[in-house]
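Welcome! Here is a short tour for anyone meeting this structure for the first time.

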Amino acid sequence: MKKNVKELFDLTGKTAIVTGGSRGIGKEMAEALAEAGANVMICARRQEWLDATVSEFESRGFNTASRLCDVTEPENVQAVVDEAAATFGSVDILVNNAGISWGSMPQEMPLEQWQKVIGVNLTGCFLFAQAAGREMLKKNSGSIINIASVAGLTSSANGPFYAGYVASKAGLIGLTRELAASWGRRGIRVNAIAPGFFHSRLADSVIDIYERSIQESNMIPRIGIEGELKGITVFLASDASSYITGQTIAVDGGMTA
Ligand code: NDP
């Protein structure tokens, strides 16, 4: 039966996993999915931020679960997917959001930092897609949203200089296409969001340096504000985007247009 527009965006009864959902933009996206009706499982490495976010979500009446997890550890990843499926009955949506960065000129980049960034931002997303994908394949249905970055689409001679981060995000955009191609005929859609700059623990030091140039040259001349990633997240997670897969959508005030 044809759905009306509110039904298209409705996530009631669906279960979403949001990696790095304890703070920053992952928390905002988890909140958006819960507001649209989804059960949410959030995971991260540090208990204190997880607990604070779970309490806040529960006080708002959201169905929430959480688990400590390092996305680079396959057993941790599998445990999150298993617990989400056991608690809520299925895994329908995965938001691969956990991410880190390391700023350094390429000639000085420590190999250890390069590997850490690639490990979390790229391999971690693959491991989660693999584990959640197996769950989604059981019912031939699911939506995976990878959080890339404008850093995966463009670079600037004015910096920020963060080769590992850029490589991880460009890689994630490629992985998004490849997973979409691999699973499109099995009912799983895979898309990416490429945010511009949003205030967070990760981004604030870079924003301090670049806010002025964003004000001077962005089509929408400001940093992204809280709430501006909610719509795209619910859109890509829901049936409202049922014919969209393999795409990367920039939410950047026109920075990459
Ligand atoms: P934050 O640092 O505020 O949040 C990062 C989240 O990821 C935290 O919940 C953190 O929790 C978790 N995390 C980090 N490493 C791991 C790990 N190994 N395993 C599990 N969880 C982990 O950053 P943002 O909210 O800014 O960033 C979120 C995502 O958005 C990243 O992928 C980032 O690249 C991307 N992004 C952000 C932009 C921005 O302007 N803010 C712009 C473009 C992209 P804990 O430390 O407890 O593990």
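The report below looks at a strand, a helix and some ring contacts.

## About the model

This is a predicted model, in which local features need pLDDT of at least 70, side-chain atom pairs count only at pLDDT 80 or more, and totals for chains, interfaces and linings use all residues. Residues are numbered from 1 along each chain as its sequence is written, and side-chain values use heavy atoms, with hydrogens and water left out.

## A covered strand

Let us begin with strand β2, which spans residues 39-44. Helices (H or I, at least four residues) and strands (E, at least two) are DSSP runs, numbered from the N terminus. In β2, 6 of the 6 residues are buried. Here buried means under 20% relative accessible area, exposed means over 50%, and partly exposed is in between (1.4 Å probe, protein chains only).

In a regular strand the side chains alternate between the two faces of the sheet. On one side of β2 are N39, M41 and C43, on the other V40, I42 and A44, and all are buried. Strand β1 (residues 15-19) pairs with β2 in the parallel sense over 5 bridges; a pair needs at least two bridges found by DSSP. T15 stands opposite N39 in β2.

## M41 and its surroundings

M41 has a relative accessible area of 0%, so this residue counts as buried. Leaving aside residues up to four places away in sequence, M41 touches A16, I17, V18, A65, S66, R67, V80, E83 and A84, where a contact means heavy atoms within 4.5 Å. M41 and Q78 are 37 residues apart in sequence and 13 Å apart in space, C-alpha to C-alpha.

## A kinked helix

Helix α5 (residues 111-137) has 27 residues and reaches 36 Å from its first C-alpha to its last, close to the expected 39 Å. That expected span is 1.5 Å times one less than the number of residues. A kink of about 40° in α5 is centred on G119; the bend at a residue is the angle between axes fitted to the seven residues ending there and the seven starting there.

## Rings

The structure holds 3 aromatic pairs. One of them joins F9 and F235, with ring centres 6.2 Å apart and planes at 35°, so the pair is tilted. Rings of Phe, Tyr and Trp (its six-membered ring) pair if their centres lie within 6.5 Å; planes under 30 degrees apart are stacked, over 60 edge-to-face and the rest tilted. F9 lies in helix α1 (residues 5-9) and F235 in helix α8 (residues 230-237), so the pair ties together parts 226 residues apart in sequence.
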